[in-house]
Amino acid sequence: MSDFLLRPIGYVESELTAGDSAPRQPDEGAPPAWVVIDERFAGALDGLASGAEILLFTWLDRADREALAVHPRGDAARAITGVFATRAPDRPNPIGLHQIHVVGISGNRIHVRNLEAFDGTPVLDIKPVLTPDR
């Protein structure tokens, strides 16, 4: 196997700063947030518009990369489960996948809702949610 080098294209701006304050899923009270794209990649935002649903890929930089099993949702009453059968942030390659809604775009800043990522989380990529008309 080979190692891969990933370079962030931006970062998250959010009021979420610690695990205790973060919702487990986006529909559980994630506050409005911003995705800030590095100026070098701002041209890649062309065609993205308010109202779009996008997939945001992040690097969960505060995750435990040694974790192989967890109690789902951090609930000790649930049986220990392998991380590949969960959405737990702690995993060998902590890639975050977030389906979020674009509220607006201002320059290289995307205002979004339903993002449960911490402030400063590196952004790896953005892809549109495909619909039948795309």
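User: How many helices and strands make up the secondary structure of the protein chain?

Analyst: Helices (H or I, at least four residues) and strands (E, at least two) are DSSP runs, numbered from the N terminus. In this predicted model, the protein chain has zero helices and eight strands. Its pattern along the sequence is β-β-β-β-β-β-β-β. The radius of gyration, taken over C-alpha atoms, is compared with a globule rule of 2.2 Å times the number of residues to the power 0.38. For the protein chain it is 16 Å, close to the 14 Å that the rule gives for 134 residues, so the chain is as compact as a globular protein of that length.

User: Good to know! Before we go on, how are residues numbered, and which values of pLDDT do local features need?

Analyst: Residues are numbered from 1 along each chain as its sequence is written, and side-chain values use heavy atoms, with hydrogens and water left out. This is a predicted model, where local features need pLDDT of at least 70, side-chain atom pairs count only at pLDDT 80 or more, and totals for chains, interfaces and linings use all residues.

User: What share of the 134 residues in the protein chain is buried?

Analyst: Buried means under 20% relative accessible area, exposed over 50%, and partly exposed in between (1.4 Å probe, protein chains only). Here, buried residues are 34% of the 134.

User: Is I37 buried or exposed?

Analyst: I37, which sits in strand β2 (residues 33-37), counts as buried because its relative accessibility is 2%.

User: Which residues does I37 touch?

Analyst: A contact means heavy atoms within 4.5 Å. Leaving out residues up to four places away in sequence, I37 touches I9, G10, A42, L45, N108, I110 and I126. N108 is 71 residues from I37 along the chain, with 5.3 Å between their C-alpha atoms. For the chain overall, residues 24 or more positions apart account for 72% of the contacts with a separation of 6 or more.

User: What joins the side chains of T58 and H98?

Analyst: A polar contact is a pair of N or O atoms within 3.5 Å; within protein, one must be able to donate a hydrogen and the other to accept it, and residues adjacent in sequence count only if both atoms are side-chain atoms. The side chains of T58 and H98 are joined by one of 2.8 Å.
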